[in-house]
Amino acid sequence: MKRGVTVLSPCYALCMSPVGINVPRADGPSKVRGDAQYVDDIRPADCLYGATVRSPRAHAKILEIRKDPNFNWAGITIVTAADIPAKNVVYLMTEDQPALAESVVRHVEEPVALVAAESRDRALDAVRHLEVITEDLPAIIDPRHSEGSEIKIFGADNIFKKIAIDKGGTTTGGTVIEGEYSVGHQEQLYIEPQGMIAIPREDQGLTFVGSMQCPFYIEKALAPMLGHTRMNVIQAATGGGFGGKEEYPSMVAAHAALLAIKTGKPVKMIYRRDEDLRATTKRHPSIIKIRSIVDHEGILHQWDADILMDGGAYNTLTPVVLSRALLHLTGPYRCPNQHLTGRAVATHTPPNGAFRGFGAPQAMWAVERHMDRIARTLGIDPVEIRRRNLLRDGDTTATGQTLTDTGALTVLDEALAAAQEPLQNDPIHPGGGEGRYARGRGVSLVFHGCGFTGNGEARIKGKVALELDGRCIKILTASTDIGQGVDTTFPQIAAAELGIDVERVSNAPHDTANVPDSGPTVASRTCMVVGGVVQKAAKQLRQALQIETASEETNFDMLLSLRDHQAPLRVMAEYQDDGSMEWEDETYQGDAYPTYGWSCSVVDLDVDLDTGEVLYRRHIGATDVGKAINPVIVTGQLEGGSLQGLGYATCEEVVVDDQGRMRNDRLTNYIIPTSLDAPEMVTRIIEIPYKGGPFGAKGIGEIPMDGPAPAAAQAIEQATKIVLDTLPMTPERVMNALEAVE
Amino acid sequence: MIEFSLNGHAVKVQALPMTRLIDVLREHLRMTGTKEGCGEGECGACTILIDGVPVNSCLIPIVQADGTEITTVEGISKDDRLDPIQDAFIEYGAAQCGICTPGFIVAARALLDSDPHPSKRAVREALAGNLCRCTGYQKIVEAVVCALGED
């Protein structure tokens, strides 16, 4: 076929299941035409525009919010903490974060007041004429100074969470190899900034329409502040999230709500790019130390690691991020004796939060750099050292989980085989490994726990409903499509289960007034876990329609014709713990994740020895996805995630000043890769089915973020002999290291 | 009064001369297919064509639009028929979250109008002013190259 993409014929349902083929995206036509309605495209009648007044200092008393007497305040509404109807909190895991700072600010850019006006320009103008007068208090910006400091930010000791994992004991003899690895912030950089509209309802409640991953989070976050639950949340088309729209939209919604309540009108808040960069959550900076003991073959006998994570000024999701970091800090390697410790501490900086990978990219960076350090110390090939230690079926992890459907060796072999092929495309960069360009190749291997940690799913019990109305089936789910394709893949799963044409199945709008709580759209859980609930609901619908099996000629239409004049049929399914997972949250022992994805990255690059710039040539990713429900969508996830990983590796640096304020708060100076920076992508999909996922699917949203950075570091080392253990490997860091070698 | 042609239709706009073209399109004319990602000409989400040349509409004061022919994403498809580039974007999965998609499609249309047979390298160069955070760009490049065969 000319395009190499499956083109669907109208009758394909008769000959093949819609799972595993490239059903075109349901949202494709509206997005390519520019019709898809993102939050800023929606303008309710009488809509006002909101803007935020923010703290100029990291830690300070608020003395006054001073209005410029020379400004024309007509038509401007101002909201402060005094206007909050009930509790001044945006609830997440704890109640420590206020909607608006009241007497003290705890991080720069913290919201202090809000304004609404009839136009966006007027609102922004008003913000410029409101000055927050403060008196500085001592601030902690460096996370290494936080624990036990006399300056209190959170609790008694400034620790959000402390975790330890122990396996086995200690070993004697062998070679001790120690290293320290660190990473800075990373910005999610969704191309659509944060945005939300709050619309007053007739029952004194509120409707929210906005850009988000998790509509039910907003309801839970705002109920304590509003003092009621009369609200519904509707997801608009969402221009990327990557974790950045997991929890932060609750803050935007809280602010829009306060302005809507005070003015009695709909209020739209759209962040400017610079504001979004300075004020919203980032990936947690971390410092990781690893001490390992290996024998002369390079076999691991002991692996001790410690991570210090900077949570910022409020708790947000930091304890969970730390948990995932620690659970990935052993890497995909077997070792009988392991001792892992982690602390997440508070600083007077903007809170860090969810970002694709959620702690794992930091951990995998350290683990993979440490494996390279072992290889370098012992003079063993870095790929060989990994091969000797990789986890295999039947091995147990640091938490005592016995592994099945383990893809480590398979993805390694597949990626290395793909690396034997020459580059397909035109050479994107000059060079050729001569003169000013040094050429290198690096390999990394990562795993990623799919879905929530431990008992997470059993606790939240995600729900999905299916509704048969006429001849079409609606899937009602809170799992949002943020570009990852769930409005296409869920219908594929349901249609496959029912044996019908996928075009007759669609996801209903993600409105909390109509859909059940499927849990949040996070943690690589949507397809694997909620998709499983979709499949279960489809089975229930089949039973309700008395269709025996999907595989036979179901004669769906005949069954429907019998029901033609009946009321719509609705079934609801809920995640059910099958008892196969055991997890102890107190001891961090047991089955940490339902299953794991496995991925190998091979990075080919040139280093410009004159500028220190890294020029990517090719990224090969071989990833165990369990089952690709839609291969084009899966490939898109893997390629996009890999490029975010390559950006993390070499160009994405957040520069902060002594107040913790992001200085490079523009797309001019916070650099994400362009089409010229991006390499040729070779994506190999490996399918080692997970029995708990729909049709064997594992979660794949986050794993491509984990491996590219360490593979790039190894490639730079191979090309130039320089060893970089700090991310990002900017041209400046590369040049400094090159000069040190000379 | 500023007059220009928008997707083949004559338009008259009353606006302050320094009003950004993107605001005229989105707010005055309610043509919201053109997106704003950064407001400083870095992301390319607001790419439109002025007399066939791709520009960032967030950097253009409306006064500069006077007497020009402007094409936005809404003018790329003809009579409800998608442009081959749009078809290819759907088939290749080149649109994920979709917020950058209108800008890419407009920029790709300009490329193919000026060079019907660009190399992959030329496609990457022509689209280097448009940022995408979802795809890693490869599917976008493939879609544009594929659309060549349809043009």
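Trainee: In which helix of chain A is Ala123(A) found?

Mentor: In this predicted model, Ala123(A) is found in helix 3 of chain A, which covers residues 120-128.

Trainee: Is Ala123(A) buried or exposed?

Mentor: The general idea is to count the other C-beta atoms around a residue, and 20 or more within 10 Å make the residue buried. Ala123(A) has 24 other C-beta atoms within 10 Å, so Ala123(A) is buried.

Trainee: Which residues is Ala123(A) in contact with, leaving aside its neighbours within four places in sequence?

Mentor: Here the general idea is to look past the sequence neighbours. With those within four places set aside, Ala123(A) is in contact with Tyr49(A), Gly50(A) and Ala51(A), and also with Val115(A), Ala116(A) and Ala117(A). As a further spatial relation, the C-alpha atoms of Ala123(A) and Ile76(A) are separated by 7.4 Å, although these residues stand 47 residues apart along the chain.

Trainee: What share of the contacts in chain A with a separation of 6 or more comes from residues 24 or more positions apart?

Mentor: Among the contacts in chain A with a separation of 6 or more, 81% are between residues 24 or more positions apart.

Trainee: How many helices and strands does chain A have, and why can chain A be called as compact as a globular protein of its length?

Mentor: Chain A has 17 helices and 25 strands. The C-alpha trace of chain A spans about 75 × 75 × 55 Å along its principal axes, and buried residues make up 59% of the 742 residues in the chain.

Trainee: Turning to chain B, how is it divided, and how many residues of its domains are in contact?

Mentor: Chain B is divided into domain 1 (2-75) and domain 2 (84-150), whose C-alpha centres lie 21 Å apart. In chain B, 17 residues of domain 1 are in contact with 12 residues of domain 2. On the domain 1 side, strand 3 (47-50) and strand 4 (53-56) of chain B each supply at least two residues, and strand 3 gives the most, with 3 residues. By class, that side has 8 nonpolar, 8 polar and 1 charged residues.

Trainee: What does each chain bring to the contact between chain B and chain A?

Mentor: The contact takes 45 residues from chain B and 45 residues from chain A. On the side of chain B, helix 2 (84-92), helix 3 (101-114), helix 4 (120-126) and helix 5 (138-150) are the elements that give two or more residues, and helix 2 of chain B gives the most, with 5 residues. The residues of this side divide into 21 nonpolar, 14 polar and 10 charged.

Trainee: What are the confidence scores of the model?

Mentor: The model scores ipTM 0.98 and pTM 0.96, while the mean pLDDT of chain B is 96, with 99% of its residues at 70 or more.

Definitions and conventions: Residues numbered from 1 in each chain as written. Chains lettered and ligands numbered in written order. Predicted model: local features only at pLDDT ≥ 70, side-chain atom pairs only at ≥ 80, totals over all residues. Contact = placed C-beta atoms within 7 Å. Helix = DSSP H or I, 4+ residues; strand = E, 2+ residues; numbered from the N terminus. Nonpolar A, V, L, I, M, F, W, Y, C, P; charged D, E, K, R; others polar. pLDDT = per-residue confidence, 0-100. Domains from an automatic or database assignment. Buried ≥ 20, exposed ≤ 12 C-beta atoms within 10 Å, placed from the backbone.
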